[in-house]
Amino acid sequence: MSTFHQPDLKDRPARLTVGVVGAGRVGPALAASLQLAGHRPVAVSGVSDASRRRAEAMLPGVPLVPPAEVLQRADLVLLTVPDDALPALVAGLAETGAVRPGQLLVHTSGRYGAQVLDPALRAGALPLALHPAMTFTGTPVDVQRLAGCSFGVTAPEELRLAAEALVIEMGGEPEWISEQNRPLYHAALALGANHLVTLVAQSMELLRAAGVGAPDRMLGPLLGAALDNALRSGDAALTGPVARGDAGTVAAHVTELRKHAPQTVAGYLAMARATADRALAHGLLKPELAEDLLGVLADGSHAGGGAGGTNGTDGTNGTDGTNGTDGTNGTDGTNGTEGNDR
């Protein structure tokens, strides 16, 4: 990690001018939140028509200018671009002399820590990585959702207090993530939130195909309860045919999915295998039932009978729909974050 001297805070204004490079879903929301805390957005850059409209809606009156001019105008610059674009953006800004000494440069990538900002650090900038663990819509509701939202914070030790203070001003909760753990941290959020959206969307499609008129209304209470149970109890919240060892039911699922939605089979089998492994490890899936189940999951066939109603399928084993059957970790997208939100 590169080193630098802590700036003299007496020389900095109490409120900062704020610029945004990359007017995707995240940047305008963070700038609007900082504005509520008394900071002053002064410039924003955006390429697409959608980005420009978003900036105009969420930061009215703030001029749209090229990225280099954003850095000229702002004390605090939010770099809210997709992860893959961030290293080249930072290098380009540093090489062209756009970075000013003492300027706070904040990126919101979950994947990267502060080291990706090293080119700007060498130019005298103060590097912060502040990643909101939230999914963004690109509308004003995002500002409200930041209240109580966790931020993955990575910064040089000398700037730790400044980084945490900015998060708190946006209504968030700072969570310190080490530089080396950023990719793992980001993978965890993607697994829990981004993949969840896919699972819920697939579930709604299948319910429509089964004749359910309002799949969202059906899933809402179930997934809400499953999320609450999972957050409270972890693997102990697992229910459904995989956790029970109902190989025949799982085989029937696979048959129907192959017939009506073959694109979902691979995902169903992969998640069922992961669920079976966790249920076995935590003593929820009986070993004598696991062999047939794992046989079904190995090839997605009809093999592994004997898993009908006789193998612990009554409500006493937590299987009726009221207990949040399978998809046990289902939720809403509120925890999501990744680069595609920018």
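Q: What share of the 342 residues of this protein counts as buried?
A: In this predicted model, 47% of the 342 residues count as buried. Buried means under 20% relative accessible area, exposed means over 50%, and partly exposed is in between (1.4 Å probe, protein chains only). Local features need pLDDT of at least 70, side-chain atom pairs count only at pLDDT 80 or more, and totals for chains, interfaces and linings use all residues. Numbering starts from 1 along each chain as its sequence is written, and side-chain values use heavy atoms, with hydrogens and water left out.

Q: How many helices and strands does the protein have?
A: The protein has 13 helices and seven strands. These are DSSP runs numbered from the N terminus: helices are H or I with at least four residues, strands are E with at least two.

Q: Which way do the side chains of strand β4 point?
A: In a regular strand the side chains alternate between the two faces of the sheet. Strand β4 covers residues 104–107: Leu-104 and Val-106 point one way, Leu-105 and His-107 the other, and all of them are buried.

Q: In what sense does β4 pair with β3 and with β5?
A: Two strands pair if DSSP finds at least two bridges between them. Strand β3 (residues 76–79) pairs with β4 in the parallel sense, over four bridges. Look there for Leu-79, which stands opposite His-107. To get from β3 to β4, the chain runs through helix α4 (residues 86–95), and this β-α-β crossover is right-handed. Right-handed here says that, with the strands pointing away from the viewer, the path from the first strand over the helix to the second runs clockwise. Strand β5 (residues 126–132) also pairs with β4 in the parallel sense, over four bridges, and here Leu-105 is opposite Pro-127.

Q: Which residues touch the most other members of the largest nonpolar core?
A: In soluble globular proteins, nonpolar side chains tend to be buried together. A nonpolar core is a set of buried Ala, Val, Leu, Ile, Met, Phe, Trp, Tyr and Cys residues joined through side-chain atoms within 4.5 Å. The largest one here has 35 residues, and Leu-30, Leu-34, Leu-76, Leu-78, Leu-128, Leu-130 and Phe-151 touch the most other members. Elements giving two or more residues to this core include β1, β3, β4, β5 and α7, while α1 supplies the largest share, five residues. Apart from this core lies another, of 22 residues, among them Leu-71, Leu-86, Val-99 and Ala-120.

Q: What does Leu-130 contact beyond its neighbours in sequence?
A: Contact means heavy atoms within 4.5 Å. Setting aside neighbours within four places in sequence, the partners of Leu-130 include Val-106, His-107, Phe-151, Val-153, Leu-166 and Met-170. For the protein, residues 24 or more positions apart account for 67% of the contacts with a separation of 6 or more.

Q: Where does Ser-51 lie, and is it buried or exposed?
A: Ser-51 lies in helix α2 (residues 49–58) and is buried, at 11% relative accessible area. Not counting residues up to four places away in sequence, Ser-51 touches Ala-23, Gly-24 and Gly-46. The side chain of Ser-51 reaches the backbone oxygen of Ala-23 at 3.2 Å. Ser-51 and Gly-138 are 87 residues apart in sequence, yet 9.1 Å apart in space, C-alpha to C-alpha.

Q: How many salt bridges does a search of the whole structure find?
A: Side chains of opposite charge can pair when their charged atoms come close. The cut-off is a side-chain nitrogen of Lys or Arg within 4 Å of a carboxyl oxygen of Asp or Glu, and the search finds eight salt bridges. One of them joins Arg-15 and Glu-169, with the closest N and O atoms 2.9 Å apart. This pair links distant parts of the chain, 154 residues apart: Arg-15 is in the segment before β1 (17–21), and Glu-169 is in helix α7 (residues 160–169). Arg-15 is partly exposed, at 35%, and Glu-169 is partly exposed too, at 29%.

Q: Are Arg-244 and Asp-246 buried or exposed?
A: Both are buried. They form a salt bridge, with the closest N and O atoms 2.7 Å apart.

Q: In which helix do Lys-259 and Glu-256 lie?
A: Both lie in helix α11 (residues 247–260), three residues apart, about one turn of the helix. Lys-259 is exposed, at 57% relative accessible area, whereas Glu-256 counts as partly exposed, at 36%.

Key:
A polar contact is a pair of N or O atoms within 3.5 Å; within protein, one must be able to donate a hydrogen and the other to accept it, and residues adjacent in sequence count only if both atoms are side-chain atoms.
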